[in-house]
Amino acid sequence: MAKQPTILITGGAGFIGSHLVRLMVNKYPGYHIVNLDALTYAGNLENLTDIEAAPNYTFVKGDITDAQQMQSLFAEWSFDGVIHLAAESHVDRSISNPMSFIETNIVGTVILLNAARAHWGDFSGKRFYHVSTDEVYGSLGETGFFTEDTAYDPRSPYSASKASSDHLVRAYHHTYGLPIVISNCSNNYGPYQFPEKLLPLMINNIRNNKPLPVYGDGQYTRDWLWVEDHASAIDQVYHQGQDGQTYNIGGNNEWKNIDLVHQLCDVMDQLLGRPDGTSRELITFVKDRPGHDRRYAIDATKIKNELGWEPAVQAEEGLRKTAAWYLANTEWLERVTSGAYQAYYDKQYQPQ
Ligand code: NAD
Ligand code: DAU
């Protein structure tokens, strides 16, 4: 009997990773999904309680910067593929502490590449998929879009670390023939996002009647993508993408930060039954992020034409669903903000 396809997903306890793990475990009962995550502050196994007992799912607590552990993991599982999402992901943290971004995003990625190279024989039937960001392309003016041919111009420690790991993944393809794909995606939003990122932070502050800190003049522009649409794009790129290729993934959904926050405030007023305009009064313009990129926008023509992928959830619907999810899951939010979620691994996986 043929071996059950076994896929390593790194960073599967994080925001996007947990949506991807759920999709893969439910959609492919014939696969075995191994979720490797170090459970940093951003890793939360409470994102995955609905699938944690599935027979085709295993969680492994581990750190991609631990070379010995990664070599043992590859030896134990004989992975057919890797979908690599584990990273330090928050730009503001990269400005205050760049080093952990270098260690995890660059060194950790090379350690995974080395483990794949050492254990994958002639590479036939294997795939190493690196999940990356549109921030590697730098910042746009008022017009234009990032395509797969846009020159790299990363400008924050976070984006420089992701650009570096993209280059290393490509270098392993060109130098050693490792079968790889890369995707570069725009800003994700939706359930289970850590409330340091713009939308869940604002939702939590509105809920608690706290100030809504908008950086600088609020005219910075991001292209927002519903997180489950990103997970489905990753599934398609993993299964149908061409070896060695890059795919840009975006929502075709640009918002200036201040307009997005205004829209969110209005949705929250409706959902909380507050008089119109109540939440907007909480908006406070604060000191700008150093080196803040002005505008990101993705041209997702290639993935649409070649793989037939398009986002399914439109902006207004996605924003309302997001706000409603956090309001319906205040216990999740409170366990994250209090730190209680960090005890879940010991309780569930290391019972005394
Ligand atoms: P996240 O911060 O929510 O999750 C990252 C996960 O990686 C966490 O579970 C964390 O515990 C884990 N991790 C961190 N360091 C690790 C290590 N050394 N070893 C093992 N696990 C480790 O991030 P996210 O927003 O879900 O992003 C996932 C990936 O997608 C990242 O690579 C990010 O660069 C990329 N990306 C994110 C976005 C976005 O909008 N959030 C957009 C495009 C690309
Ligand atoms: O573009 C993809 C990237 O999107 C991912 O690679 C990153 O992992 C992800 O964190 C995200 O980066 P951003 O810096 O764009 O996301 P963030 O939610 O931190 O900020 C979105 C915008 O909102 C940005 O212009 C900064 C601004 N902002 C953010 C926060 C947290 C504020 O104005 N106030 C805030 O409090």
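Guide: Over residues 8-322 the chain is 40% helix and 17% strand, with the end C-alpha atoms 28 Å apart. The model is a predicted one. The UniProt record, an unreviewed entry, places the feature "domain: NAD(P)-binding" at those residues, 8-322.

Now to the ligand itself. Ligand 2 is surrounded by 23 residues, and the closest of them are Thr-133, Asp-134, Tyr-158, Arg-289 and His-292. Sorted by class, this shell holds ten nonpolar, seven polar and six charged residues.

Several contacts involve oxygen atoms of ligand 2. In the side chain of Asn-187, an N or O atom is 2.8 Å from an oxygen atom of the ligand. Asn-257 also takes part through its side chain, where a polar atom lies 2.9 Å from an oxygen atom of ligand 2. With Tyr-215 the contact comes from the backbone: an N or O atom there lies 2.8 Å from an oxygen atom of the ligand.

As for cover, ligand 2 on its own has 690 Å² of accessible area, and the protein covers 94% of that. Two elements give two or more residues to the shell, namely helix H6, which spans 198-207, and strand S8, which spans 212-215. Of the elements, S8 gives the most, with three residues. Tyr-215, whose backbone was named above for its contact with ligand 2, is the residue at which strand S8 ends.

Conventions:
Residues numbered from 1 in each chain as written. Chains lettered and ligands numbered in written order. Predicted model: local features only at pLDDT ≥ 70, side-chain atom pairs only at ≥ 80, totals over all residues. Heavy atoms only, no water. UniProt positions renumbered as here; feature names shortened; annotations may be inferred. Helix = DSSP H or I, 4+ residues; strand = E, 2+ residues; numbered from the N terminus. Near = heavy atom within 4 Å. Polar contact = N/O pair within 3.5 Å; in protein donor to acceptor, adjacent residues only side chain to side chain. Areas by Shrake-Rupley, 256 points an atom, 1.4 Å probe, with all protein chains shown as cover. Nonpolar A, V, L, I, M, F, W, Y, C, P; charged D, E, K, R; others polar.
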